[in-house]
Amino acid sequence: MSSTSGSATNPPAPSDTIVRSKGTSRTGLYAVIAVVVVIVIILGAGYAAGWFKGSSSSATANCTLPAAQTLNGAGSTLVAPLMFQWSQVYTASTVNYDPVGSGAGISDITQKTVDFGASDAPLNAAQRTAIPSPGVVTIPESAGAAVPIYNLPGVSGHLHFTGQVLAAIYLGDLTNWNNSALQAINPGVTLPNAAIVVVHRSDGSGTTFVWTSFLSAANATWKNTYSHSTTINWPVGVGAKGNSGVTTTVQITQDAIGYVDINYALTNGVAFGAVQNPAGNYIVANVTNIESAIKDSNVVFPSPTGDWYNVTVENAPGATDYPLATFTYVFVYTDVGVAYGSSYSLTKAENLVDFLAWIVGPTGQSYAAPLYYIPLSSSAVTYDTNTIHSLTYNGQAITVCVPTG
Amino acid sequence: MTPGNPFPATVPPRPPRISKWGDRIYLALLLLATAGVVALMVALVAVLVNGSGLAFKAFGFSYIWGYYWNPENGVYGLGPAIQGTLITSAIALLIAVPLGLGAAIFLTQQAPAWLRAPVGQLIELLAAIPSIVYGFWGLIILVPIMAKVVEPRLIKYLGWTGLFNATPIGIDILTASLVLSVMVIPTVTAISRDSIAAVPRSQKEAALAIGATDWEVTRHAILPYARSGIVAGAVLGLGRALGETMAVLFVIGNHTVIVNSLLAQGQTIPSLIANVWFENNTTLERPALVYAALVLLVITLAINLGARLVLTRSQAGRGAAAE
Amino acid sequence: MKFDRAARRKVFSHSMTVLSGLAIVVILVPLVSVVYEVVLLGGPAINVDFFTQPIPSACNPAGGLPCHGGGGVIVPIEGTLQLIGLSSLFSVPVGIGAAIFAVEYGGERRLARVIGMVADVLSGVPSIVAGVFTWAVFVLYFPTIAFSTLDAALALSVLMVPIVTRTCEEALRTVPNSVREAAMALGISKWKMSLRITFVAALPGVITGILLAIARSSGEAAPLLIAGGFGCLHPLSQGVENQTCALPLWIYFGANNPYPNWITLAWGCALLLLLVILGLSLLSRFTLERMSRRMRGG
């Protein structure tokens with residue numbers, strides 16, 4: 001920096017490189033910026049300290065509950081919209097749901113960092129053994145279904161599929177769309193002479209669970225080689241992440257076939273097929289026929305703490321039942337006082353069971369169908385209600401506020 | 001007033017008082033902060049080593065070149081993810097360096113002065129777009145274009161190379177590389193510009209004086225001088241590409257296998273970590289992912305350190321040579 | 001008629017010029033495309049509700065749940081502010097402290113260069129690795145809040161520290177030594193000189209660095225996923241020990257959902273994030289230009 005030279009008697013003028021000496025509008029600008037940054041930091045810290053938290057609204061339960069609590073759940077992303085809807089409507093307690101994935105939800109309940117875990121698939125043997133005492137109960141709280149989606153511009157309506165044909169496609173045995181097996185069940189449809197682009201899930205998923213259960217039931221080779229699970233070592237096809245990934249991939253790839261949950265198929269308007277049920281009819285999935293499938297399957301539930309891995313509502317016998325239905329599940333500890341220790345109050349236990357009873361009750365289930373989830377059958381509701389009533393707090397029964405039935 | 005003494009005699013020098021303690025406390029705070037920064041680097045490696053303990057005990061170093069990734073069957077190998085990381089980053093560089101260098105040359109040599117700042121700013125804006133936005137853009141805009149327009153032509157005209165043997169669905173290594181290249185270009189451009197601008201004018205003027213065309217000036221007088229800086233910029237861009245998660249996650253296909261085609265679905269280390277983090281199927285999965293993060297950290301730090309060393313040496317060299 | 005060599009060289013040079021100009025055009029195509037898409041898809045989401053309302057229930061017009069168009073992203077916005085506030089709180093003092101130490105006490109010696117080198121190398125840490133790192137730290141010492149806003153904020157501060165350190169250091173170095181010498185000659189204690197004179201002179205550059213660091217970290221989604229979990233579906237904004245929600249997280253989750261209002265909100269978040277980051281980047285560049293011009297010209 002140059003300074004003006006002075007004479008021998010005058011000291012040289014100071015270089016004006018110190019901010020204060022300027023006092024121009026630039027200083028003002030920097031000051032304003034500094035103030036803005038500081039305000040943002042303070043606001044952020046303030047939000048962190050809860051300065052701006054709103055207050056929760058009053059309870060709307062059917063009888064007087066003790067004081068509202070905060071219930072934390074985590075798990076399946078698939079049921080997240082429904083869980084969130086429930087948490088918005090059910091205000092007797094604050095329900096926080098973190099859709100970090102079924103696997104993480106199961107791990108969270110195992111580590112007791114949440115009050116309930118949600119998953120699209122039941123606990124497998126390894127997961128069950130990992131859960132510490134006193135163990136969890138399995139509560140089916142909603143249901144869904146897997147549908148085959150495809151991208152065939154020349155084909156209108158709903159293509160017919162059977163479990164055998166789908167298994168053959170996913171095994172890689174059928175590689176062209178105009179194969180005889182598929183043509184035989186679709187008379188009058190011009191199938192293109194094109195290679196089938198098979199799309200499956202690249203991540204673990206309950207939708208994969210129900211899809212592969214269906215393929216296992218239909219095809220012995222599939223059953224013996226891959227069986228049913230949330231993750232598969234797929235023989236053919238490309239992987240996409242999440243239901244949305246499969247939907248997008250099929251939508252942009254001509255001649256592709258994939259499987260997604262019913263709510264993705266219906267909301268995205270992607271073409272999906274009709275699947276043959278045991279009665280021999282080709283069923284196009286909708287909320288009604290999935291609901292009837294669950295009812296007609298007459299599924300026998302194991303004990304609440306038992307092994308649910310082979311519980312299935314697929315291939316229900318009814319004439320109009322959709323054969324790829326499945327439950328989604330919530331896991332809670334059988335005795336929350338024993339499981340979580342003294343930090344878990346009786347009040348909280350009462351709120352937890354009240355919430356569970358509410359979501360499987362008529363009000364909670366009424367929110368399912370508009371979001372394309374499937375309401376529980378009455379037998380499932382009865383079973384769930386009994387399970388919920390069986391939950392204890394340090395050995396004592398917990399008063400359930402919401403009336404049964 | 002005595003001549004030569006700028007200070008009037010009436011102002012005595014002030015003796016230091018409590019400032020000694022002020023200085024000490026100040027120094028202590030600064031040391032704390034500095035130690036924090038250095039400790040951070042050490043802690044990064046240490047904590048990741050600790051977190052991957054279970055996986056390291058189970059697999060040792062063979063995890064790094066393991067050919068298969070199949071946690072449900074207890075098979076853990078980082079090879080596919082490393083392959084995908086290297087291929088996507090390499091292709092991203094192959095695209096970004098010519099484009100970025102070309103842009104830098106144009107901006108510094110040919111562009112009229114009024115164009116330089118705005119266009120330079122626009123290219124910098126590319127760096128400001130969050131990577132998750134790039135990821136979604138890639139998925140909804142680039143993937144269909146690749147699937148319907150670009151990849152079928154690549155198969156048709158370049159299929160003989162054997163690099164494009166796969167069904168073109170648009171979600172693959174190639175598309176991921178393209179998205180990465182878009183993100184790397186600003187880095188390459190900015191550093192190339194700086195390197196080219198640092199070349200002394202005398203070089204350019206000397207070349208022009210003997211009748212070189214613009215291109216010859218660039219090629220013979222400027223680029224050799226700026227070469228190490230440009231290389232360093234490319235390597236820094238490589239570092240950025242290696243660590244990208246969200247941009248790659250949506251468009252690479254998340255298929256953790258060794259790929260033999262640019263149009264196949266693959267995996268990179270960051271995408272693997274993000275995808276599998278919440279899967280939680282086995283107890284070894286998270287430690288294996290922490291192990292993967294450690295490997296990625298080591299690779300990126302090594303490349304970054306190398307690039308910085310080259311950059312500082314080239315700047316020092318240039319400074320000395322300019323004397 | 002043959003071109004002579006000189007003409008050939010000229011033609012070649014011109015075509016290279018065209019090519020490099022073309023490079024610029026090619027580079028700008030994705031920029032235009034991205035911005036266009038984000039504005040197109042996110043624009044409809046921006047209204048007053050967007051900034052004041054919490055996440056609404058999913059709507060499904062085809063299923064009988066019409067979309068009212070209400071709801072907004074106040075929870076992700078609050079979360080992003082929480083994250084920025086916390087991560088700045090962690091990273092700014094540390095970064096500034098290290099930079100001041102390097103310049104004022106390290107001077108030209110090797111120590112200063114080592115600190116600068118450490119900062120540069122740290123700036124290359126991938127964001128997902130920062131998330132895994134802080135998650136692992138929390139699992140060791142605070143396992144119950146391993147997925148929380150605190151954890152995610154720490155991950156972001158790991159990314160911010162090198163940026164703050166480097167820019168602060170550069171800003172301090174542009175303050176000429178004559179200023180320091182003049183202060184010392186007047187008998188001001190070292191710490192006062194460093195803080196109240198040198199640092200204040202470098203303030204514009206420091207602010208630039210902070211703004212740049214905030215811009216970089218506010219757009220990161222990977223460390224939030226890894227270390228913060230996903231807490232956007234809480235009905236109220238939560239404390240920092242809960243799973244975090246932020247604009248990038250809602251983009252990730254909402255756009256992967258089939259329900260139209262959540263998708264639109266996600267794109268609105270993308271637009272908001274884009275505008276904020278671009279704004280911060282431009283602002284920081286603006287102050288940097290003014291500062292360096294002032295320093296050079298003054």
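The model scores ipTM 0.89 and pTM 0.86. Because it is a prediction, local features need pLDDT of at least 70, side-chain atom pairs count only at pLDDT 80 or more, and totals for chains, interfaces and linings use all residues. Residues are numbered from 1 along each chain as its sequence is written, while chains are lettered from A and ligands numbered from 1 in the order in which they are written.

**Chain A: overall**

- Chain A holds 16 helices and 13 strands; helices (H or I, at least four residues) and strands (E, at least two) are DSSP runs, numbered from the N terminus.
- Of the 405 residues in chain A, 54% are buried, a residue being buried if 20 or more other C-beta atoms, placed from the backbone, lie within 10 Å of its own, exposed if 12 or fewer, and partly exposed in between.

- Strand S6 (residues 197-201) of chain A is mostly covered, with five of its five residues buried.
- S6(A) runs parallel to strand S8 (residues 256-261) of chain A, and two bridges join them; strands pair if DSSP finds at least two bridges between them.
- A:Val197 has A:Ala256 in S8(A) as its bridge partner.
- S6(A) also pairs in the parallel sense with strand S7 (residues 238-240) of chain A, over three bridges, and A:His200 has A:Gly239 in S7(A) as its bridge partner.
- Helix H14 (residues 346-360) of chain A is largely enclosed by the rest of the structure, because 13 of its 15 residues are buried.

**Contact between chains B and C**

- The contact takes 67 residues from chain B and 68 residues from chain C, two residues being in contact if their C-beta atoms, placed from the backbone, lie within 7 Å.
- H1(B) gives the most to the side of chain B that touches chain C, with 20 residues.
- The residues of that side of chain B divide into 48 nonpolar, 14 polar and five charged; Ala, Val, Leu, Ile, Met, Phe, Trp, Tyr, Cys and Pro count as nonpolar, Asp, Glu, Lys and Arg as charged, and the others, Gly among them, as polar.

**Confidence in chain C**

- Chain C averages a pLDDT of 87, and 95% of the residues score at least 70; pLDDT is the predictor's confidence in each residue, from 0 to 100.
- Among the elements of chain C, helix H5 (residues 127-141) has the highest mean pLDDT (95) and helix H11 (residues 260-297) the lowest (83).
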